[in-house]
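The questions below ask what stands behind each label given to this model. Each answer sets a value against its cut-off.

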Amino acid sequence: MKQSQQTTLRAAVTLVGTGVHSGDEVKMILHPAEVNHGIAFLRTGLSGGLDRLIDARHLAVTATELCTVIGDRDTGAVATIEHLMAALSGLGIDNVLVEIDGPEVPILDGSSAPFIDAIDQVGIAVQGATRRYLKVLKPVRVTQGKAFAELLPNDRAFRLDVEIDFPTPVIGRQRKAVDLSPSVFRREISRARTFGFMRDVEKLWSAGFALGASLENTVAIGDDGIMNPEGLRYADEFVRHKLLDAVGDLSLAGLPLLGTYRSYCGGHRMNFSVLEALFSSRSNYAIVDAVPRRETGYAEIGSMAASVLAPEMH
């Protein structure tokens with residue numbers, strides 16, 4: 001699959017499941033979309049029979065507490081979009097309409113793997129338009145206490161370097177760095193599941209979160225270790241899931257990134273904040289057309305030609 005061309009799905013595919021925070025059952029259909037459509041959510045099932053179209057862009061983000069939410073909760077929103085967005089971005093899919101009849105993307109097994117399985121059922125179609133990339137020109141950085149997130153120039157790849165540090169021996173300090181490509185995403189990132197601490201469960205429930213969480217979709221961390229009987233999928237599954245979240249959140253740039261992302265003790269809020277910092281000045285980035293040297297996704301970028309900034313990117 002040539003990453004010099006835009007892509008979409010070959011056919012529509014349906015997923016049904018429960019929202020990890022809302023606990024609501026939801027039906028979601030991934031539809032093929034035309035060139036330059038990008039990723040957008042069609043929120044149905046709203047009061048009054050109205051539907052709402054929400055572009056998957058950083059400008060549509062309205063909440064980042066425990067998950068990423070786009071749209072307005074009063075008129076129609078979609079929560080926990082990051083695992084689906086990571087799957088689409090990780091596989092290099094540019095144009096999809098996500099029709100969803102509930103307030104939250106289904107959690108399924110807590111990773112991106114079920115979304116990839118659904119996409120593989122119908123396949124990916126190459127379209128007759130050149131893919132565009134968002135190239136980081138200047139370093140941007142956001143901090144919050146000891147935590148930070150930054151985007152740096154990188155002419156060759158979209159590289160992610162994520163580090164976490166939890167004060168528990170079950171997790172501790174973990175770091176993972178990859179040059180993103182479809183094969184790397186499938187092999188090293190896609191199966192990493194969301195995780196949470198059992199000590200926080202009652203507090204989350206009282207705040208209206210984690211109402212659909214279970215050992216089927218969340219790695220549960222107790223005082224003495226992992227509570228899931230099957231254990232971990234990767235020895236460092238925790239940092240790999242944080243990396244997965246970053247892929248999904250950063251895809252809200254609207255175009256695949258050409259740059260290096262680094263974070264320490266980051267999360268949804270900082271992923272969103274670093275995009276805000278990137279778009280705060282037109283001198284921080286450029287939109288480029290790129291032709292890969294080899295068919296390896298984002299990791300090998302050859303010749304580039306600068307193009308005009310699309311107005312909606314401001």
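Histidine 268

Q: What makes the link between the side chains of histidine 268 and threonine 68 a polar contact?
A: The two side chains are joined at 3.4 Å. A polar contact is a pair of N or O atoms within 3.5 Å; within protein, one must be able to donate a hydrogen and the other to accept it, and residues adjacent in sequence count only if both atoms are side-chain atoms. The pair of histidine 268 and threonine 68 therefore counts as a polar contact. The model is predicted: local features need pLDDT of at least 70, side-chain atom pairs count only at pLDDT 80 or more, and totals for chains, interfaces and linings use all residues. Residues are numbered from 1 along each chain as its sequence is written, and side-chain values use heavy atoms, with hydrogens and water left out.

Q: Why is histidine 268 called buried?
A: Its relative accessible area is 10%. Buried means under 20%, exposed over 50%, and partly exposed in between (1.4 Å probe, protein chains only), so histidine 268 is buried.

Q: Which residues does histidine 268 touch, leaving out those up to four places away in sequence?
A: They are Thr64, Leu66, Cys67, Thr68, Glu82, Asp245 and Asp249. Contact here means heavy atoms within 4.5 Å. Histidine 268 itself lies in helix H6, residues 268–278; helices (H or I, at least four residues) and strands (E, at least two) are DSSP runs, numbered from the N terminus.

Q: What does UniProt list for "active site"?
A: The unreviewed entry lists His268. UniProt positions are in the numbering used here, feature names are shortened, and annotations may be inferred rather than shown by experiment.

Q: What makes helix H1 (residues 82–90) largely enclosed?
A: Nine of its nine residues are buried, so the rest of the structure largely encloses H1. Among them are Glu82, His83 and Leu84. Glycine 92 follows H1 and has a positive phi, near 75°.

Q: How do you know that S6 pairs with strand S7 (residues 69–72)?
A: Two bridges join S6 to S7, and the strands run antiparallel. Two strands pair if DSSP finds at least two bridges between them, so S6 and S7 qualify. Valine 61 has isoleucine 70 of S7 as its bridge partner.

Q: In what order do the three strands form the open sheet?
A: The order is S6-S7-S8, with antiparallel pairing. Strand S6 (61–63) and strand S8 (76–79) are the edge strands, each pairing on one side only.

Aromatic pairs

Q: Why are phenylalanine 166 and phenylalanine 195 called an edge-to-face pair?
A: Rings of Phe, Tyr and Trp (its six-membered ring) pair if their centres lie within 6.5 Å; planes under 30 degrees apart count as stacked, over 60 as edge-to-face and the rest as tilted. The rings of phenylalanine 166 and phenylalanine 195 are 5.8 Å apart centre to centre, with 75° between the planes, so the pair is edge-to-face.

Q: Is phenylalanine 166 buried or partly exposed?
A: Phenylalanine 166 is partly exposed because its relative accessible area is 23%. Phenylalanine 195, at 15%, is buried.

Q: What makes the pair of phenylalanine 279 and tyrosine 285 edge-to-face?
A: The ring centres are 5.0 Å apart and the planes stand at 75°, so this pair is edge-to-face. Phenylalanine 279 and tyrosine 285 are both buried.
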